[in-house]
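Student: I'm new to this one. Could you walk me through it, feature by feature?

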Amino acid sequence: MSKIVILGAGISGHVAAAHLRRKLSKEHEVLVISPNSNYQWIPSNIWVGIGRMKSEQILFPLAPIYRKKNIGYKQAKVTTFHPEGDIEVAKPFVKIEYVNDEKKGQTEKVTYDYLINATGPKLAFDMTEGLNPGTNKAYSVCTYTHAEHAWQALNDLIQEMKQGKKVKILIGTGHAKSTCQGAAFEYILNVEQELRRHNVRDKAEVVWIANEHQLGDFGMDGMLLSYGNNIMKSSEMVEMVFEDRGIKWIIGAGVNKIEDGIAHYETLDGEYHTETYDFAMLIPAFSGHGFKAFDKNNEDITEKLFKGFMLVDADYTPKPYEEWSVQDWPETYQNPSYKNIFAPGIAFAPPHAISKPRVSKNGTTISPAPPRTGMPSGITAKLVADNIIDIINGKKELHHKGSLGNMGAACIASAGYGMTKGSGVSITTYPIVPDYHKYPETQGRQLGKTFGEIGLAGHWLKLALHYAFIYKAKMKPFWWLIPE
Amino acid sequence: MTQRISKSKRFYMMNPIIQFFKFIWLSIKIMLVVAGGHGGTRKANN
Ligand SMILES: Cc1cc2nc3c(=O)[nH]c(=O)nc-3n(C[C@H](O)[C@H](O)[C@H](O)COP(=O)(O)OP(=O)(O)OC[C@H]3O[C@@H](n4cnc5c(N)ncnc54)[C@H](O)[C@@H]3O)c2cc1C
């Protein structure tokens with residue numbers, strides 16, 4: 001009998017738990033530890049942030065489903081890692097702290113045979129002075145509660161605009177090294193469309209601010225893509241959309257301080273500027289959670305497990321951009337020091353960025369961190385689950401592999417909500433991490449598999465994915481037929 | 001030079017009938033990219 005403990009019930013933790021439970025017999029224990037009592041389909045937070053969906057439509061409580069499916073669940077957060085046990089407990093364990101009402105503050109040592117760290121990122125608002133969702137007129141859509149607040153503030157502003165007030169709306173990245181530009185891109189297009197729906201578009205200046213050196217970089221070094229019969233750069237595609245929607249842009253900008261309605265930023269040319277606004281949605285930096293790890297003598301061994309995020313089978317040797325290769329990227333998400341620990345989704349430490357690093361004239365790094373979107377998060381979680389099942393069944397080698405350098409991703413960016421007026425910018429990329437050796441002529445990506453489409457169908461697709469993935473996450477009949 | 005979206009292109013992007021077929025085409029194409037599989041990068045035959 002084996003006990004598999006999964007930390008986190010986001011996309012990757014939940015996918016891993018579901019597959020493990022489906023494929024492993026009842027004698028094996030699957031236990032999820034996560035502080036949020038709800039599962040949330042994060043991509044649809046964009047629609048909560050424009051008031052077109054309610055939080056209840058994008059979340060459901062985890063406990064009843066886990067009970068029904070015989071998956072253990074503790075509403076708690078992990079605090080420390082003890083991969084060798086300690087003087088009292090011989091088995092490896094994690095220390096957890098309960099967060100729910102009855103047991104709040106209580107701690108427990110939870111032992112495991114296999115550990116999946118799927119704790120995703122810490123939303124590091126504290127890395128930008130004054131950036132705290134709901135203060136200084138700046139908001140976030142990274143969680144459903146943030147998105148609800150954002151909509152309340154935006155709605156209030158729309159009412160003022162209806163009374164004739166002219167406003168400026170600033171959307172983008174709130175730190176020089178933020179990632180997740182895609183989410184901000186979706187939000188700005190959705191907000192712009194909502195302003196038109198409320199007949200107040202002429203009252204607002206809508207401005208994009210991002211740490212990308214070029215529009216459409218998305219933390220992925222941009223991409224060359226097929227668009228209809230043309231081949232176009234992602235920068236040209238995004239520029240076309242922004243021009244069409246009358247959205248202005250500031251790029252190569254590292255936001256470093258937020259005051260009430262004022263964003264301070266530095267640009268790649270070393271200049272310092274400010275931008276005023278009446279409503280802002282700024283994606284924070286994503287960081288590791290700052291977990292500590294200890295050996296059996298209680299000596300600190302954090303560096304064996306973490307480098308911000310969790311260390312896995314990547315090549316972390318520091319090297320210049322010119323020497324980066326797809327081979328640097330992990331394939332199995334297994335920790336090299338403790339082979340029974342894995343970290344899929346956003347929880348693993350990337351070997352380096354994907355976009356070329358850029359430093360301002362003052363020496364500030366202003367460059368996107370590498371994104372890890374929902375699809376690769378799900379795929380890497382499933383392959384980790386499959387490898388653990390193989391090990392339990394006696395296999396010695398890890399056969400399931402999935403490097404971001406040999407995996408495609410589909411990003412269906414919502415560009416506006418509505419069954420007849422909605423729109424989506426659908427971009428698929430293969431591979432996610434460009435392979436400049438394999439595809440030297442096409443910026444490291446395979447054309448045909450890397451393509452873009454804009455239109456109503458994209459909105460329908462995004463909506464269809466919303467329902468399909470919530471169906472899958474609820475583990476309804478034949479859920480496993482829906483790919484990650 | 002920025003390419004703006006022409007009237008005919010916008011019609012194509014927002015016409016529900018054309019977009020219905022686009023939806024099917026997109027779903028299949030995306031499925032093929034996703035189902036195209038994934039693997040390692042460190043061995044020549046991966
Ligand atoms: C607004 C927004 C829109 C997005 N849109 C898209 C999209 O359209 N398409 C797409 O592919 N991707 C999208 N993404 C990215 C996608 O949401 C992420 O790739 C995905 O959520 C990563 O999954 P994860 O499981 O690794 O991390 P998360 O989903 O962040 O899950 C982490 C889990 O760990 C838990 N946790 C945190 N701390 C602890 C702790 N100490 N102990 C135990 N558990 C802990 C959390 O509660 C959570 O359950 C979007 C992201 C955002 C923010």
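Predicted model: local features only at pLDDT ≥ 70, side-chain atom pairs only at ≥ 80, totals over all residues.

Student: Which residues of chain A does the UniProt annotation "domain: FAD/NAD(P)-binding" cover?

Tutor: According to the unreviewed UniProt entry, that annotation takes in residues 3-278 of chain A. UniProt positions are given here in the numbering used for this structure, feature names are shortened, and annotations may be inferred rather than shown by experiment. Over residues 3-278 of chain A, the chain is 26% helix and 32% strand, with the end C-alpha atoms 51 Å apart. Helices (H or I, at least four residues) and strands (E, at least two) are DSSP runs, numbered from the N terminus.

Student: Which residues come nearest to the ligand?

Tutor: Of the 31 residues around the ligand, the nearest are A:Ser12, A:Ile346, A:Arg372, A:Gly374 and A:Lys462. A residue is near a molecule if one of its heavy atoms lies within 4 Å of it. For polar contacts, look for a pair of N or O atoms within 3.5 Å; within protein, one must be able to donate a hydrogen and the other to accept it, and residues adjacent in sequence count only if both atoms are side-chain atoms. A backbone N or O atom of A:Ile11 sits 3.2 Å from a ligand oxygen atom, and for a backbone N or O atom of A:Ala118 the distance to a ligand oxygen is 3.4 Å. A:Ser34 uses its side chain instead, with an N or O atom 3.3 Å from an oxygen atom of the ligand.

Student: Is A:Asn335 buried or exposed?

Tutor: Buried means under 20% relative accessible area, exposed means over 50%, and partly exposed is in between (1.4 Å probe, protein chains only). A:Asn335 has a relative accessible area of 0%, so A:Asn335 is buried. You'll find A:Asn335 in the loop between β24 (309-310) and β25 (341-342) of chain A.

Student: What does the side chain of A:Asn335 reach?

Tutor: It reaches the backbone nitrogen of A:Tyr338 at 2.8 Å. A polar atom of the A:Asn335 side chain also lies 3.3 Å from the backbone oxygen of A:Lys304. Contact means heavy atoms within 4.5 Å. Leaving aside neighbours within four places in sequence, A:Asn335 has contacts that include A:Leu305, A:Leu311 and A:Ile341.

Student: Where is A:Thr302 found?

Tutor: Look in helix α7 (residues 302-305) of chain A. A:Thr302 counts as buried because its relative accessibility is 14%. A polar atom of the A:Thr302 side chain lies 3.1 Å from the backbone nitrogen of A:Ala293. Not counting residues up to four places away in sequence, A:Thr302 touches A:Phe291, A:Lys292 and A:Ala293.

Student: How do I read backbone angles?

Tutor: Most residues other than glycine have a negative phi, and most peptide bonds are trans. Here, A:Lys137 has a positive phi, near 65 degrees, and is partly exposed at 34% relative accessibility. A:Met475 also has a positive phi, near 55 degrees, but is buried at 5% relative accessibility. As for peptide bonds, a cis one joins A:Tyr430 and A:Pro431, with omega about -15 degrees.

Student: And how do I describe two helices that pack together?

Tutor: Two packed helices are described by the angle between their axes and the distance between the axes. Axes are lines fitted to C-alpha atoms, for helices over the stretch in contact, and angles run from 0 to 180 degrees between N-to-C directions. In chain B, the axes of helix α1 (residues 7-14) and helix α2 (residues 16-35) come within 6 Å and cross at roughly 65 degrees.

Student: Which residues in α1(B) and α2(B) meet?

Tutor: B:Phe11, B:Tyr12, B:Met13 and B:Met14 in α1(B) meet B:Pro16, B:Ile18, B:Gln19 and B:Lys22 in α2(B).

Student: What does UniProt list for residues 20-40 of chain B?

Tutor: The unreviewed entry lists them as "transmembrane region". Residues 20-40 of chain B are 76% helix and 0% strand, and the end C-alpha atoms lie 36 Å apart.

Definitions and conventions. Residues numbered from 1 in each chain as written. Chains lettered and ligands numbered in written order. Heavy atoms only, no water.
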